[in-house]
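Here is a short report on one protein model. Look through the sequence and the structure, then read on.

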Amino acid sequence: MHHAMALLVWTFLGVGCATESTNEITVPSENWSPEKRADVHAQLAAQYMGRDMLKVSQDELKKALSISPDHSRTNYVMAVLQTRMKDYDEADRYYKRALKSDPQNSEAAHDYGIFLCDRGKTGQAMHFFKQALDNPLYTGTMLTNLRAGECLITRGEDPAGAAGYFKAVLEVNPTIPLALYYMAEIKYDSRGFLSARGYIERFFSANAETPDSLLLASRIETGLKAHDVAKDYARRLKAKFPSSEQALQLRGL
């Protein structure tokens, strides 16, 4: 849910129709086209949602839908709002409406992919991630690749496919910690210990140590028979995160 809201805020809150004197979004004029009026109500709704004013956000979206029922952006924001309100059937319906009206609404396709993955519908989720990625004008491809890979790996499906998405992320930015961690995990699981070491070391260069990463690093070094290094990672895990579940797994080392 939070992933979806993050992309929504990034998409809408940075691009308000500002007045000359303030940073507030202007009130829609009756002289504007229905599309433009609906768009401003949708932006207002996203702002209110970002402030946790969900009822006011819903009111703005209802106004937008009364002006333009098939407006893709409005249906998309309504889908995210319904997800926040835990009305998942309604959220699903609004995502479908948003994408039926505009299949090129890649932000909606991205967030619908996350929505479906959260509900265990991995195959459907991947369809919508790919729909977002297939749009040559879409600027969020790195984030979509990251979420697509994460969807596959956290559901325990197609690690090779997940690796393809993470590699696409790292081609754009080689220091994204989540992609580096998952690549280390994928390589470790396939007994590619040397490659896994490379990825986890890059992770530590890009990110603070975490319980998961220290545990994985210890296991990778054990796989490489570098037992002293493995024990050093284990000691760091138990010293920095003594009450973590990962530290408990290393009791006795």
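## Helix α4

In helix α4, the buried residues (under 20% relative accessible area, with exposed over 50% and partly exposed in between, for a 1.4 Å probe and protein chains only) are Ser 72, Thr 74, Asn 75, Tyr 76, Val 77, Met 78, Ala 79, Val 80, Leu 81, Gln 82 and Thr 83. Eleven of the 13 residues of α4 are buried, so this helix is largely enclosed by the rest of the structure. Helix α4 covers residues 72-84. The span from first C-alpha to last is 19 Å, close to the 18 Å expected at 1.5 Å a residue. That expected span is 1.5 Å times one less than the number of residues.

Helices (H or I, at least four residues) are DSSP runs, numbered from the N terminus.

## About the model

This is a predicted model, in which local features need pLDDT of at least 70, side-chain atom pairs count only at pLDDT 80 or more, and totals for chains, interfaces and linings use all residues. Residues are numbered from 1 along each chain as its sequence is written, and side-chain values use heavy atoms, with hydrogens and water left out.

Most residues other than glycine have a negative phi. Which residue with a positive phi follows α4? Lys 86 does, with phi near 65°. Lys 86 sits in the loop between α4 and α5 (88-101). Its relative accessibility is 61%, so Lys 86 counts as exposed.

Arg 191 is not a glycine, and its phi is positive, near 65°. The loop between α10 (177-189) and α11 holds Arg 191. Arg 191 is exposed, at 63% relative accessible area.

## Helices α2 and α3

Two packed helices are described by the angle between their axes and the distance between the axes. Axes are lines fitted to C-alpha atoms, for helices over the stretch in contact, and angles run from 0 to 180 degrees between N-to-C directions. Helix α2 (residues 34-50) and helix α3 (residues 54-67) have axes that come within 8 Å and cross at roughly 170°. That makes α2 roughly antiparallel to α3 (over 145 degrees; under 35 is roughly parallel, 65 to 115 roughly perpendicular and the rest oblique).

Contact means heavy atoms within 4.5 Å. On the α2 side, the contacting residues include Pro 34, Arg 37, His 41 and Tyr 48. On the α3 side, they include Leu 54, Glu 60, Lys 63 and Ile 67. By class, the contact of α2 with α3 has twelve nonpolar, two polar and three charged residues. Ala, Val, Leu, Ile, Met, Phe, Trp, Tyr, Cys and Pro count as nonpolar, Asp, Glu, Lys and Arg as charged, and the others, Gly among them, as polar.

## Helices α11 and α12

The axes of helix α11 (residues 193-206) and helix α12 (residues 211-223) come within 9 Å and cross at roughly 150°. That makes α11 roughly antiparallel to α12. Helix α11 contributes Phe 193, Ile 200, Phe 203 and Phe 204, among others. Helix α12 contributes residues including Leu 214, Leu 216 and Ile 220. This contact has nine nonpolar, two polar and two charged residues.

## Helix α7

Helix α7 (residues 122-133) has twelve residues. Its buried residues are Thr 122, Ala 125, Met 126, Phe 128, Phe 129, Gln 131 and Ala 132. They pack against α5, α6 (106-118), α8 (141-154) and α9 (159-172).

Gln 124 also lies in α7. Is Gln 124 buried or partly exposed? Gln 124 is partly exposed, with a relative accessible area of 42%. Gln 124 and Tyr 112 are twelve residues apart in sequence and 9.3 Å apart in space, C-alpha to C-alpha.

Notes: Helix = DSSP H or I, 4+ residues; strand = E, 2+ residues; numbered from the N terminus.
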